[in-house]
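Please consider the structure shown below together with its sequence. The paragraphs after it lead through its parts in turn.

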Amino acid sequence: MSTPLVSLTNAGKSYQQLDALKSVTMDLNSGEVMGLFGHNGAGKTTLMKLILGVISPSFGKVEVMGRAPDSNAAWHNRSKIGFLPENVSFYDHLTGLEVLSYFAKLKGFASSNAKKHAVNLLEQVGITHAMKRPVKHYSKGMRQRLGLAQAFIGEPKLLLLDEPTVGLDPTATHEFYRTVDQLKSNGSSVILCSHVLPGVEQHIDRAMILSSGELLAIGALTELRQKAALPVTITTSGLNNFLVNNKTLQCFLAANSTSTLLVPAQEKLAVLQQLVNHENLTDIQLETANLEQVYQHFLTEHELVKQKNENSLTEQGNC
Ligand SMILES: Nc1ncnc2c1ncn2[C@@H]1O[C@H](COP(=O)(O)OP(=O)(O)OP(=O)(O)O)[C@@H](O)[C@H]1O
């Protein structure tokens, strides 16, 4: 098996009393896209900064392309990494083209190639028309597009994107995901962190869910769905009161519904067979849990366990 591009082994980061990231073990392979999800303050940016080598782990090990990212030895790897920070900011008096050409030069492009590459990237993110305007006159979405273009410089082997779709309109968001798919098919690896879950799932290979610095779950969406054991939603039309009156099916009925069933995944086929054989069925729809539901499941489960532990500590204290 090939060595992962990124690997964290029991890696964590503490700021005085605060454990921003608690003993995370994960890896990322070449050509893999990982979605990184968690509420505000969950530790997503901290994880990205550890991978970038901007901060060092308080404990555990971080390796990127075979090297500790905060070491001098990792210097040459940095030109192979693209990063979009959560809040992009640029030299406001420079034009978009100047900004991008400058960053391309910093990444090792010769002056002549830097400008050409910058022009192509500006076209890719749809701001060719504004490339000669100072960045201070850019709208929020245009700045974000410029930030993405900056992250894409040199077709990086590893791309870290913190909230890439913030401020983007639907067309730009669509274009962004197309670029991610393209980079992936060219062998780049991507970690993308987003609070906007709809639309992400078809572009990621695996997801990791963080809460209060803890890694709650990591895996392909199908694996996470299985682990979460969330029911499949089956919506029927034309059956009138059949579901209400059927002894087996009535216990799967969704609250206040006579036509929608919430069925455990392992019973899905048996239920479907029963439904499609019914002569009055005019339509049927099947929905598996989406990323948002899976995410909510792991967060709620974590909160419940935390609360239970806190309660049992209080009870012990009372004794
Ligand atoms: N330099 C720092 N000094 C002290 N605490 C910090 C520092 N950087 C981050 N933290 C804390 O670490 C925790 C994790 O922060 P982080 O920025 O990684 O969260 P995040 O998941 O990216 O959140 P958001 O979605 O809001 O961007 C937070 O409680 C934050 O206040």
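The model is a predicted one, in which local features need pLDDT of at least 70, side-chain atom pairs count only at pLDDT 80 or more, and totals for chains, interfaces and linings use all residues. Numbering starts from 1 along each chain as its sequence is written.

Around the ligand lie Tyr15, Leu18, Ala20, Gly38, Asn40, Gly41, Ala42, Gly43, Lys44, Thr45, Thr46 and Glu86. A residue is near a molecule if its C-beta atom, placed from the backbone, lies within 6 Å of it. Strand S2 (18-28) and helix H1 (44-52) each contribute at least two residues to this shell, and H1 gives the most, with three. Helices (H or I, at least four residues) and strands (E, at least two) are DSSP runs, numbered from the N terminus. By class, four residues of the shell are nonpolar, six polar and two charged. Here Ala, Val, Leu, Ile, Met, Phe, Trp, Tyr, Cys and Pro count as nonpolar, Asp, Glu, Lys and Arg as charged, and the others, Gly among them, as polar.

A nonpolar core is a set of buried Ala, Val, Leu, Ile, Met, Phe, Trp, Tyr and Cys residues joined through C-beta atoms within 7 Å. A residue is buried if 20 or more other C-beta atoms lie within 10 Å of its own, exposed if 12 or fewer, and partly exposed in between, with C-beta atoms placed from the backbone. The largest core has 73 residues, of which Leu100, Leu122, Leu146, Ile191 and Ile209 touch the most other members. Helix H4 (residues 140-152) gives the most to this core, with six residues. A second, separate core of six residues includes Val232, Ile234, Leu239 and Leu243.

Beyond four places in sequence, Ile209 contacts Phe37, Gly38, Leu216, Ala217, Tyr295 and Phe298; contact requires C-beta atoms, placed from the backbone, within 7 Å. Gly38 also belongs to the residues around the ligand.

Among the loops, His203 is found between strand S7 (189-193) and strand S8 (206-211). With 16 other C-beta atoms within 10 Å, His203 is partly exposed. Residues up to four places away aside, His203 touches Val33, Tyr177, Val180 and Asp181.

Ser212 occupies the loop between S8 and strand S9 (214-219), and its phi is near 45°, a positive value in a residue other than glycine. Ser212 is partly exposed because 18 other C-beta atoms lie within 10 Å. Phi of Asn240 is likewise near 45°; Asn240 sits in the loop between strand S10 (232-237) and helix H7 (242-245). Asn240 is exposed, since 10 other C-beta atoms lie within 10 Å.

Terms used: Two residues are in contact if their C-beta atoms, placed from the backbone, lie within 7 Å.
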